[in-house]
Amino acid sequence: MSIKENIIHLKEKIKANPVTLVAVSKTKPNELIQEAYDAGQRIFGENKVQELVNKQEVLPQDIEWHMIGHLQSNKVKYIAPFVNLIHAIDSLKLLKEVNKQALKNDRIINCLLQIHIAEEESKFGLSENELKELLNNEAFAKLKNICVVGLMGMATYTHNETQIHKEFASLTHLFTQFKDTSMPNVNLKEISMGMSGDYPIAIEEGSTMIRVGSAIFGSRN
Ligand SMILES: *Cc1c(COP(=O)(O)O)cnc(C)c1O
């Protein structure tokens, strides 16, 4: 199937749900991204800063670029002028840097906080307590050039669907707990969860934003 057919197929599958499709184009050349663009796709996700910057420079300027991968503080400055959403924020230190660079660019940058929901060991993602601490931190309240618009999570890479359901449900549960947080720089609307292998489960469990790569562009090397 072509990229266009893959996108049409995906949109057909998710059409009954209010869910945003982020086309994950990491490692894929500009020609293929242009193909998806020509099929109507406007939101793309990348996980490496340099690659994101290179692609943003030459591809259509109305693309909405999402940074979906782990982000190092010293690289925030390169994407701050244009990035639309950063999915994987997992520390106050990183948020402070995003705020600083957003201020320099006279912007407010939307961010998602990554929550560790998988059973797998991973360095990335906040626990429920860490999320609480972050939102209650005095320094956080002072960040006027960021807006936390939701939570992001990745389920364990497993065939055990019960487990995947459980992990995604835990993210939705956490989102519900914090949804009414009333701060000028918090407006929780999005739950970013679901990839090529598990997005139907993620949608069943309340995802508002799926990040799909290989089901659109084919497998990566
Ligand atoms: C690569 C990646 C995806 C997409 O993965 P696929 O299995 O190809 O759909 C989604 N989210 C993140 C954070 C990724 O790094």
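**The ligand and its pocket**

Around the ligand stand Val24, Lys26, Ile68, Met152, Met154, Met195, Ser196, Arg211, Val212, Gly213, Ser214 and Arg220. The model is a predicted one. Sorted by class, this shell holds 6 nonpolar, 3 polar and 3 charged residues.

A polar atom in the side chain of Lys26 is 2.7 Å from a ligand oxygen atom. For Arg220, an N or O atom of the side chain is likewise placed 2.7 Å from an oxygen atom of the ligand. Ser214 takes part through its backbone: a backbone N or O atom of this residue lies 2.8 Å from an oxygen atom of the ligand. On its own the ligand would expose 390 Å², and the protein buries 89% of that area.

The ligand sits in the largest pocket. This pocket contains about 870 Å³ of space. Its lining is made up of 38 residues, and those closest to the pocket centre are Met154, Ala155, Tyr157, Met195 and Asp198.

By class, the lining of the largest pocket comprises 17 nonpolar, 15 polar and 6 charged residues. Several helices and strands contribute to it. At least two lining residues come from each of the strands β5 (109-115), β6 (146-153) and β8 (209-212), and from each of the helices α8 (161-178) and α9 (199-204). The largest share is that of α8, with 3 residues.

Key: Residues are numbered from 1 along each chain as its sequence is written. This is a predicted model: local features need pLDDT of at least 70, side-chain atom pairs count only at pLDDT 80 or more; totals for chains, interfaces and linings use all residues. Side-chain values use heavy atoms; hydrogens and water are left out. A residue is near a molecule or strand if one of its heavy atoms lies within 4 Å of it. A polar contact is a pair of N or O atoms within 3.5 Å; within protein, one must be able to donate a hydrogen and the other to accept it, and residues adjacent in sequence count only if both atoms are side-chain atoms. Accessible areas come from the Shrake-Rupley method with a 1.4 Å probe; for residues, only the protein chains shown count as cover. On a 1 Å grid over the protein atoms alone, a cavity is a set of points where a 1.4 Å probe fits but cannot get out, and a pocket is an open set with protein on both sides within 12 Å along at least five of seven lines; lining residues have an atom within 4 Å of a point. A molecule sits in a cavity or pocket if more than half of its atoms lie within 2 Å of its grid points. Ala, Val, Leu, Ile, Met, Phe, Trp, Tyr, Cys and Pro count as nonpolar, Asp, Glu, Lys and Arg as charged, and the others, Gly among them, as polar. Grid points are joined across faces, edges and corners, and a volume is the space filled by probe spheres set on the points. Helices (H or I, at least four residues) and strands (E, at least two) are DSSP runs, numbered from the N terminus.
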